[in-house]
Amino acid sequence: MSIVKQTAIIIIIILAFLLFGKNFIHAQSADSILKKAAKASGFEKEMRNVNSSQIKGKIIRLSDGVSGIFQSESQQPNLYRETITFNNAETVRSFNGKSAWMQDSRDGLRTLTDDASEGFKAESFFRVNRWMRNKDEKTIVSGGGKSSLFGKEVFALTMTTAKNAKIKLFFDTISNLLIREEISFGDRKRVFEYSNFRVVDGVQEPFIIKMSEGNEKFEIQIEQVLHNVSTNLANFDFPRNPNEALPDVRAFLDEVTRNQDKVDKAIENYSYVEETTDREFDKSGNLKLTKVEKYEISNFKGQEVRRLIERNGQSLSVKDQEKEDKEVQKDVEKIEKNEAAEKPPSIAEILRASNLTNPRRENFKDRNVIVFDFERNLKVNLDKNVDMQLFQKCYGTFWIDETDKQVARVEAKLGENLNVGGVVAKIKKGAFFILEQERFDDDVWLPSISDVNITVRILLVAGFKLNQISKYGNYKKFKSEVKDSEVGKP
């Protein structure tokens, strides 16, 4: 290399350092920041031995100076409960490992859904595990740059869950302790600021917490922090109302199963449109739309037939539509020859294979529902059908319409890895599914929305992720037999 070239390169490096060097010095990797924080906080060693905790203290509402009681308790792996009491009026939030619920004087007692649910689930997991088990929840950690907070230099990181709940963390660059959290879910945000740290069982615990949510601001003065104390797991469960009469569970579920079987048959008399939206997270934890497709759906001899008609807002070209129609006809021929893939399990089949707990009566979308948490019934052998095996390894919550005995909503999460075809493929633990059904024409309940997030590993090398939401509509009922040549066409 000539002296001229060497000199030019040195000048470029110097200029780059002068222009960007400050950012280079200040920026650190997220992993590096979290490792330093874990060591400084005692999480790296001592926190791993903490299976449960209880925190008690005084809470002051800053708008009027009224004081009350703050309590929280947690239990591995993700159980959390928070209780705030002012003048005998309690606000309770809790996650029992399957469903999140809340009780307050304004809206009463209810199971949380959508953003409120996912935000509190993320907070519960964080309260129990901090940032030590991010990979278990497929959490993306981004950031690492320096900023200023309370006159201090801090490192700012953002944790984004698979359900797009975000927890922003601010670490003091000198002590490496966490001094602020911002937990966002939908259009709401909870902010916590920490100070006055003291060592409890080797763990740095804050004894002054400033909390804000909406327009309300509070100061929490912690009086007691206990680790590894006996915890009553029933404390995390949805409270039972002794004066609330619930239907006989077994008889109720038998009727639900019979009705759901009718729905599975009735849907064969309908065609409808499904719009699917594929999403993915970038490295910064931003959720982006990647593809939108629209399908016409019909049923033929008990099997679903899908016909693609639109992609990213544009109708298929004549050539592509002809190609799609040929593929649809091939699917019909396979159904005729009984060569089509096995039908996915119905909700009724999932109900039969589940252990249902925590029954309660609620209101969901202006309908009276009975809500159950569910988990695998160990007395039921795993089905050979892969789809059924998948749901048999799930846990979550059912919302069942009390009048029509139909499933209005189901949330399910895969509790363990599922091998498919021996070791050929693996559906990874943490996959989740949401399905909602709505009453249609006062006659039958039909799907309205589904939300799927799943990761599949193939041959320990390759794999794919599916993060997709589907919306269903434009239902049309027909009475005559559907001919082969008409299947999948409007």
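Predicted model: local features only at pLDDT ≥ 70, side-chain atom pairs only at ≥ 80, totals over all residues.
User: How many helices and strands does the protein chain have?
Analyst: Both kinds of element occur in the protein chain. The count is seven helices and 26 strands.

User: What share of the contacts with a separation of 6 or more is between residues 24 or more positions apart?
Analyst: Contact here means heavy atoms within 4.5 Å. Among contacts in the protein chain with a separation of 6 or more, residues 24 or more positions apart account for 51%.

User: Is helix 3 largely enclosed or largely open, and how many of its residues are buried?
Analyst: Helix 3 covers residues 114–129 and has 16 residues. From its first C-alpha to its last it reaches 22 Å, close to the 22 Å expected at 1.5 Å a residue. Helix 3 is largely enclosed by the rest of the structure, because the number of its 16 residues that are buried is 13.

User: Which residue follows helix 3?
Analyst: The residue after helix 3 has a positive phi, near 55°. That residue is R130.

User: Is I458 buried, partly exposed or exposed?
Analyst: I458 lies in strand 25, which spans residues 444–458. Together with V424 and F464, I458 makes a nonpolar surface patch of about 240 Å². Buried means under 20% relative accessible area and exposed means over 50%. The relative accessible area of I458 is 31%, so I458 is partly exposed.

Technical notes. Residues numbered from 1 in each chain as written. Heavy atoms only, no water. Helix = DSSP H or I, 4+ residues; strand = E, 2+ residues; numbered from the N terminus. Patch = residues over 30% accessible without salt bridge, like charges linked within 9 Å, V, L, I, M, F, W, Y side chains within 5 Å. Areas by Shrake-Rupley, 256 points an atom, 1.4 Å probe, with all protein chains shown as cover. Salt bridge = Lys/Arg side-chain N within 4 Å of Asp/Glu carboxyl O. Buried < 20%, exposed > 50% of the residue type's maximum accessible area, 1.4 Å probe, protein only. Expected span 1.5 Å × (residues − 1).
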